[in-house]
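Please walk through this structure step by step. Start with the sequence and the model below.

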Amino acid sequence: MNQIPVKDVTPKSSKDSAQTFDMYAKREHIYVKYYKGFFKNLRTFTGFVLLALFFGVSWLQWDGRQAVLFDLPNRQFHVFGMTFWPQDFMLLSWLLIILAFILFFVTVFAGRLWCGYSCPQFVWTWFYIWAERITEGDRNKRMRRDKGPMTSEKFIRKTAKHSLWMLLAILTAIAFVGYFSPIRELIPNISSGNLGTWELWWLGFFTLATYGNAGWLREQVCIYMCPYARFQSVMFDQDTLVISYDEKRGEARGKRKKDSDPKAEGLGDCIDCHACVHVCPVGIDIRDGLQYECVACGACIDACDEIMDKMGYDRGLVRYTTEHSLEGKQTKILRPRLIGYFAAMLIMLAAFVYVLSNRIPVEFEAIRDRGELYSEVSSDLIQNVFTLKIANKEQIDRSYRLSVTGIDGLTLINDPVVTVSSGELLNYPVRVQAPKNNLLSSNSAIQFSVEALDAKDVKATIESRFMGPAPRR
């Protein structure tokens, strides 16, 4: 049974009699109050790091081109010194699975840290809340202005807020599209109006999406759109680190003077100031217990600690803790499910790094000529025709040596050295001949090999079939 306190907020009238309720409730705007504290500083630091990476990585250069560029028209995905092709899609799937297991591991250990400190939705939401505060003022001022009539000052402040929101949305869209279209060319093209159709579309789409999600929808995205809020609760256990209110210490709530003795008045440490509610970006009351809307950002901890300091009480009335800790039991850090996720994560990560480091940067394929099975060049030579497909997946031009083995006397008639440009897929027709007397079957296995002239570790071998007449018995 879940021991983390959950408050019953069902109206008394609804318990006593059946009533009809509207399934849709209009969203109430959440006015987030400004506050200070350790967890806010931590979240600000991680947010700025992520924003710096998002806006800055696309400007990095690597060997004369953009370091990270997803070139969709040419089907090439450049990541620093490596180039990936659609054939490498399995690596992307593998990477996503690894990231999922990392998320599972973090969730089992410390709840929704991803949501509170790293999720792009909330990084941008806090960014927009900051823009709202510097243009319209803190929580109480914003509430008073919204309730009042439209004045010239209110109009100017609202215009400044939405202009800043739109500017942030435009910069976000440019940075995002800059990973798919070289950003050093994209910005001049925007200035001159020389944009392609898809660039214009995605710039407009991400501008509106950022403006709408971070400016208007905010917590609605997390509560109603994000599936993580729904399934993360099944990953929690009694030793998962979550934000909780210490009900034993805090109850009964009530106002009191700073120098008064709460125990003499029958009160707990909670002064019912609602500071934890006013700073919550999703508008919940953490004192009602663990709720799926909570994104574990730590705002309520900072707000409550500040009040505790002013009252002269110990910090930690609202804190990161576990269900076992609230019950006075020992928290188990190492537990089977956590160890299992960690082991699976390490094994997959090690295997991924191994495959990536041993990845052959050349794609090689042999396709038989469908026009004829074989031809007799002379009374003692049989010839097959193939088309060799060689894809240079590196960022430099390469010269390769071709060879074929599998049958005694098997010969490659064409020039065995070919040059393939960076990112090029070369179709190279070749003729292969073998002595008729050396054919042990009408369908013999042969191996084509390709090897870079200046890099012996860049090589690949594939198997094909050599067709000929049935040998005489």
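Buried means under 20% relative accessible area, exposed means over 50%, and partly exposed lies in between (1.4 Å probe, protein chains only). By that scale, Asp 272 is partly exposed, because its relative accessibility is 25%. The model is predicted: local features need pLDDT of at least 70, side-chain atom pairs count only at pLDDT 80 or more, and totals for chains, interfaces and linings use all residues. Residues are numbered from 1 along each chain as its sequence is written, and side-chain values use heavy atoms, with hydrogens and water left out.

Stay with Asp 272 for a moment. Its place is in the loop between H12 and H13. Helices (H or I, at least four residues) and strands (E, at least two) are DSSP runs, numbered from the N terminus. Asp 272 has a positive phi of about 60°, although it is not a glycine. His 274 lies in the loop between H12 and H13 too. Its phi is near 65°, again a positive value in a residue other than glycine. His 274 counts as partly exposed, because its relative accessibility is 32%. Ala 252 also belongs to this loop, which runs between helix H12 (247–250) and helix H13 (275–278). A cis peptide bond joins Glu 251 and Ala 252, with omega about 0°. Most residues other than glycine have a negative phi, and most peptide bonds are trans.

Now turn to a pair of helices. Two packed helices are described by the angle between their axes and the distance between the axes. The axes of helix H5 (residues 120–136) and helix H9 (residues 197–217) come within 8 Å and cross at roughly 75°. Axes here are lines fitted to C-alpha atoms, for helices over the stretch in contact, and angles run from 0 to 180 degrees between N-to-C directions. H5 and H9 are therefore roughly perpendicular to each other. Angles of 65 to 115 degrees get that label, while those under 35 count as roughly parallel, those over 145 as roughly antiparallel and the rest as oblique.

Which residues of H5 and H9 make the contact? H5 supplies Gln 121, Trp 124, Thr 125 and Tyr 128, and H9 supplies Thr 210, Tyr 211, Asn 213, Ala 214 and Gly 215. Contact means heavy atoms within 4.5 Å. The residues of this contact divide into four nonpolar, five polar and no charged. Ala, Val, Leu, Ile, Met, Phe, Trp, Tyr, Cys and Pro count as nonpolar, Asp, Glu, Lys and Arg as charged, and the others, Gly among them, as polar.

Look at Asn 213 in helix H9. It is partly exposed, with a relative accessible area of 27%. Leaving out residues up to four places away in sequence, Asn 213 touches Gln 121, Arg 218 and Val 221. On helix H5, find Thr 135. Thr 135 is buried, with a relative accessible area of 12%.

Finally, step back to the domains. The domain assignment gives domain 1 (28–359) and domain 2 (362–467); such bounds come from an automatic or database domain assignment. Their centres, taken over C-alpha atoms, are 54 Å apart. In the contact, 13 residues of domain 1 meet six residues of domain 2. The two domains bury about 630 Å² between them, 45% of it on carbon and sulfur atoms. Buried area is the accessible area (1.4 Å probe) that two parts lose on being put together, summed over both. Thr 83, Trp 85 and Gln 87 supply 64% of the area that domain 1 buries against domain 2, more than any other three residues.
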